[in-house]
Structure formats: structure tokens, C-alpha cells
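Have the viewer at hand and follow along.

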Amino acid sequence: MYKIVRKKELNPTVTLMEIDAPLVAKKAEPGQFIILRVNEDGERIPLTVADYDREKGTVTIIFQIVGATTELLNHKNEGEYIQDFVGPLGKATETEGLKKVAVVGGGVGCAIAYPVAKKLHDNGCEVHSIVGFRNKDLVILEDEFNAASNVLKIMTDDGSYGTKGLVTDALKALIDEGNQYDEVIAIGPVIMMKFVCKLTKEYGIKTMVSMNPIMIDGTGMCGGCRLTVGGETKFACVDGPDFDGHLVDFDEALERGSMYREFEQAKREEVCNLFKGVK
Amino acid sequence: MPNMSLKKNEMPAQEPNVRNKNFSEVALGYTEEQAVDEANRCLNCKNKPCVGGCPVSIDIPEFIAKIREKDFEGAYQIISKSSSLPAVCGRVCPQETQCESKCVRGIKGEPVAIGRLERFVADWHNKNCTEAPKAPEKNGHKCAIIGAGPSGLTCAGDLAKMGYDVTVFEALHLAGGVLVYGIPEFRLPKAIVAHEVENLKALGVKIETNVVIGKTIEVDELFEQGFEAIFIGSGAGLPRFMNIPGENLKGVYSANEFLTRVNLMKAYKEGSDTPIKKNSSVAVVGGGNVAMDAARCAKRLGAENVYIVYRRGLEEMPARKEEVEHAMEEGIIFKTLNNPVEILGDEHKFVTGMKCIEMELGEPDASGRRRPVEKKDSEFTLDVDCVVMSIGTSPNPLIRNTTKGLETNKHGCFVADEVGQTSREGVFAGGDAVTGAATVILAMGAGKTAAKAMDEYIKSKNA
């Protein structure tokens, strides 16, 4: 069992939890993920590491409430426990040797983009962060990104905060202003990563993306997380989750990600109704 | 007088048309009378040929003699001297190619049903002797086991009995390895595995789940933590695919994923949190035991048509005869001498069919089996909405990628000698991680041999 030592609602649909998991905290690096089960008989879900404290032995996760498991997790409170927490899994994001990078985050993907930006910044890299949200209420980690970035652009779909527009608009503007990036790192919804890659390909800028497909074990055993990269089948859990975005078949990834959508929605409603009964 | 019947006592089983709709165990086990009657078929041969066919050398005629005397606990004590998981082996061992293949009674008629007797004895013990085994006195030396599958659990049990302080590290949330994620409930009830694991804990074995060696902790760190010898039993968990078009469509699973969802994550239970696609027609590609398990699970999940698609003939199938027969009885349709060439999908990328080509057998290949070759212009489409690829697995790379000095072969298997010693001092390995995908009992045999070698290694080091 793993204790929830801190819980914070970042916006109505996104929650931060700091979990007591010393073994994971000792090894975790930006870009890696963990797998958790909320309770016995629960589903295994992967979540990317948002932060870690090696001294305290804690790992921070930030999740959006999208299905039954995240709904259940969100009902757990500080001081309570979750059943399983295993990691760190996958390869860490490569930050070595990068001098100037644009980090692009979308929605809850910003939770994963942030530790990458922070690590780059700590290494002395010039970091331009572009973070996008649907509206003002959904903006997360603004102060954190501010502290870890030389330039921060906040974009909202409706213009209720920052600049109205898409992250690709801001990225294009920065590139057109003459910024020469060693690399662009894009983390967010698959569709966002797809369009970031389309843009950077035109400019010939290497772009890494963090894929988050459906998976079970996270150690290469099930193959459920497979995706096509450069015409080859790769497993996101052991070969990734970071891949060269110009080689990823995003359309296939989008389709595969929707496999259980109906089940997930029905299941989430079930859980919501359950809690309505209790409260 | 021995029982001279040419036939084994039949195994009581659920009716095929009942069991293919539930996940309860298929084979129900012998009654005491049936067990004693079957035990009477044993001729108690002096040279014990059956023992030579057992990878863990159980003294078979001895335990059968105890059954004859109705001393079932005595029989259990004899088996447990050699096997740590008798209730498991009695169910999943391929006895027909091991002990039973050497049985003198098999020359004329059927061999003694050794496997069914082993299962009877283990089940009798588990039902009647609830006392947990006592932990032996500790000798003060620490051993680490990587992977809580058949080889790791066996190695752990043997070392614990010798007095070692044993810790087993398991990547998943549950101990058992393939016994819990792969082999289905109806062939090996999970309560049996859990019971065997509890017995190990009673012996003092510590089991740390949710620890991925190579990620959470590296092998070298285990030595730093004071473990003197390490056994790697990480299995062969990486699924293979055919690399044909359409393999990434929605509804194509590896057998590992399909079985893990059903077994470990209990997707077969109503209300499970882990989803599995509901299918009407399923094609399982492959001809091994895992393929039979997947096909039989698919049937139980409600699929109307379940096909086994295998490129060779029925004769060449690597699955146990008993598994093939059970699958046939349950209504699985065998499409042998057929090979998939493409998986077809709709506009939403869900599977709608599998294009296959007929095969015929040509000259024998390197494996000695006749090589299947494609028949010209024989392509046809099988209407299915789910495909399960069950064409084998490879060893997991997580440990070899993070451990210096551990030699592996071109298949990614650890190189180990006959007692499990790897290229690195103090590191032993066994089971599928060394041999590639094989059987539960071979893995257990390797775990057992390695435990002995680890004991000798630690003793010689501290001498």
C-alpha cells in the first residue's frame, strides 16, 4: 500500500497527488511513468511522473479525471492509501547536450512537460515553454513553468487567459522570430502532438513526443501499447514513451487510444453514481 | 493384485457445453476410490523408469504406494520432498511426454495416470491439512530471487528450506508469474497458486511485489544490499507478432495481453474495471498451449465462433493432446494448414476479418517438422472481429539492458550452465529467461537445480 501524502486540486478536472514511494522516488527521471491500481481488483493505469523528491521519498502524479479509475483515485484523500504503485518505467527523456529547446505542453500533458522543462532549465538550457489549455479555469502549473522557462507562452482556445489560439500558433511565431531550437519536446493530446510535428517537420526541427497509449503491465509483456514508429512496431512502455515525432504514426495511435472509449465512459458513470449514493 | 485395466481411470470433468460458458475448473479431480483404484495400476517397478522422466525427480512409485495404503498425507510428504508446487504440476505438467511416457503400463494400454494422482494428493493435503509449514532456523545468509513465477518460487522455496533469508522481487502486483497472468482459472484455479505462495511465506520467504528489477532496483544494488546470490527467473514475457498488415488494428491482441486481461485483471468477471472487447468471432493464431488457453477463454467470454488458425497440421501442433481435445470438445474450430496474411478492418480501424492462405506440408525443416508452404491462389477471408496472436514470446530485455557482465545469446536469453550459473559470479538464472518459452515444470526444475548451486556457492564463499 502506498500513502497519499498530499492532494491538491489543480483545476476542476485535474488533481495532483504526492505518493509515498521511496524506491520509485530514488530512480525516477522526467519522462518516465508509473503504473498504479487504486484498489484490489482495480485496473492498472499508467501515469507519467510529474515530480519526485528523492529525500522525502515521494513521487508526484497529476491526472485528469477521464475514466472510472481516475474518478476512484480522485475520491481518495490525503492520508489514505492506494493499492499498487510501480516504477519508474520507460526510458527517461534525453536532455543531454541540449542548449535551446521549445517545450510544448497541452492540457494535463503540461504535468509531464513541466519536469522536463525544469530539468533542462536546471542543466542551463534555454527553455521556451508553450502551454495550451481550453480556457482560463483549466490552466495548471503556471508558476512552476514560469520558474523553469526563459520564455513562457500561455495559450487558451477561447482567449480567456494568455493568448487566444493554439500552441502551434505560438510555436510558429517563436520560430519565425528567429529562435533556433535544437529540439522541440511536445507532450499532450495525440492530436496536438501530431500538429506540432507537422509544423516542425516543415522547419526541419527535431521533435520528441511522449506517447501515452493503453497499457497493462508496463514492462513489455502485453504489447497493448504498441505503435508504429518509422514503419516499425514499437512498445511505448519499454522502447519509449518518448519517440521521434516525425516518425510516429499518430493517426493509428489516435485510433488505438479510442478502443475502449464506450466502456470507459459507462464505467465512469457507474463510479460517479456510486459516489452520489454515498455523499 | 494390481489393477490390470488397460485404461486409466477417467478424469471427472464438467460437461463441454456447460464448461465453455463458465470459468470454473474443467477437470474435477479423482475421488479417493478412483485414486486408490488408479494407484493399484502401478506395478511398482524396481528401476522406476517414470522417475527418470520427471524434471524434478519425484519418487513416483513411492508416493503411489502410499496412495494404495490410503496414506494420502504420506504420499504428499514424498512429493513435497522434490516439488514445491504439486497442486500446480498435477494440473499443468505435460505428463504424457514426461513421467507417463516412461511408464511400463503404457507399452500395452495406457500408462498410470501419474499426473492425476499427483493432483489428487496435493488437493487432499490442501483440503485436510491446514497447518502452515514452519519456518526453518535462519542461517544468516541472504538470497534474492527475481520473478515470482514457477522457477523463482521453486528456487525460493528450496533456499528457504535450507535456512536462507529469501526475498522474491515481482514486477506485477501479484506473485505467480505465468501461473496467474497466463494460465486461465478453468485450468489452474488462482486460489491454488495463492495457497502455494502462502506456504512459501510461512517458510519465511519475503515477496516484494511492484518491484521491477532493472528499473526500480538494479541487480548490482541487490549485491550492495547484502544479497549474496541472485537467481533470475524473469521468464520470456515479450510477445511476438507476425508483422503482417493490419496487426495494429483494434481487436488484435497478443495472447499475453488477452490472457492477462482475462486472468490477472479478471476481465471475465461481470463489473471488472479492466475492459476486454466483446467479440462474436475470434481467430487465435498459433498451435501451442497458450493458443488453446486463449481460444477457450474467448469461447467462455461469449464468442460464437472461435478458430485456431495454425500453419501446420493437427499432428504437428505443439499443444498438449489433452488441451487440444478439451478445446475441440468445447466447440473450438480448428483451421489447421492455414496461415494469416493480412488482418482487415473497417473505417474505424476495428477488425472485420482475417485474410488467410492455405498451406501444405513440404520437406522437413531444421526443427524436424515438415515445413509448411503456401498453396497458390488459395486465399480466403475468415470473418472475425478479434485476432489473438499466440506465436511465441521472447525474454524480457529489462535486466540484460541494465546489468553489466551478464551474457545473453542471440535470442536474448541468459547464458547459464547446467546448474544455472551465469557469466557473472553470484548470479544464477533459469526457466524461460534461459531456455526461451518452455513449460512450467522445466522452469521449476531449473529453479531447483539453481537453489542447490546457490547454496554450494554461498557455502564455498564463506568456507
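How many residues apart in helix α12 of chain B are R261(B) and E257(B)? I looked this pair up first, keeping in mind that the model is predicted. R261(B) and E257(B) are 4 residues apart, so about one helical turn separates them. They form a salt bridge, with 3.0 Å between the closest N and O atoms. I then checked accessibility: R261(B) is buried at a relative accessible area of 2%, and E257(B) is buried too, at 4%.

**Entry: two more pairs**

I went on to K355(B) and E342(B), whose side chains meet in a salt bridge at 3.8 Å, N to O. K355(B) sits in strand β11 (residues 351-364) and E342(B) in strand β10 (residues 338-345), so the bridge ties together parts 13 residues apart in sequence. K355(B) is partly exposed, at 26% relative accessibility, and E342(B) is partly exposed at 26%.

In chain A I found K118(A) and D51(A) joined by a salt bridge of 3.4 Å, N to O. This pair links distant parts of the chain, 67 residues apart: K118(A) belongs to helix α3 (residues 110-122) and D51(A) to strand β4 (residues 45-53). K118(A) is partly exposed, with a relative accessible area of 27%, and D51(A) is partly exposed at 23%.

I also noted a salt-bridge network in chain B, with R19(B), E96(B) and R187(B) among its members. Over all chains, the count comes to 47 salt bridges.

**Entry: where the chains meet**

Next I turned to the interface, where 44 residues of chain B contact 44 residues of chain A. The two chains bury about 3500 Å² between them, 55% of it on carbon and sulfur atoms. K215(B), N248(B) and D273(B) supply 21% of the area that chain B buries here, more than any other three residues.

I counted 4 salt bridges between the chains. One I looked at is K27(A) with E221(B), where the closest N and O atoms are 2.4 Å apart. There are also 21 residue pairs in polar contact across the interface. On the chain B side, α12(B) gives the most, with 4 residues. By class, that side has 17 nonpolar, 15 polar and 12 charged residues.

**Entry: chain A as a whole**

Buried residues make up 56% of chain A.

Note on methods: Residues are numbered from 1 along each chain as its sequence is written. Chains are lettered from A and ligands numbered from 1 in the order in which they are written. This is a predicted model: local features need pLDDT of at least 70, side-chain atom pairs count only at pLDDT 80 or more; totals for chains, interfaces and linings use all residues. Side-chain values use heavy atoms; hydrogens and water are left out. Contact means heavy atoms within 4.5 Å. Buried area is the accessible area (1.4 Å probe) that two parts lose on being put together, summed over both. A polar contact is a pair of N or O atoms within 3.5 Å; within protein, one must be able to donate a hydrogen and the other to accept it, and residues adjacent in sequence count only if both atoms are side-chain atoms. Helices (H or I, at least four residues) and strands (E, at least two) are DSSP runs, numbered from the N terminus. Ala, Val, Leu, Ile, Met, Phe, Trp, Tyr, Cys and Pro count as nonpolar, Asp, Glu, Lys and Arg as charged, and the others, Gly among them, as polar. Buried means under 20% relative accessible area, exposed over 50%, partly exposed in between (1.4 Å probe, protein chains only).
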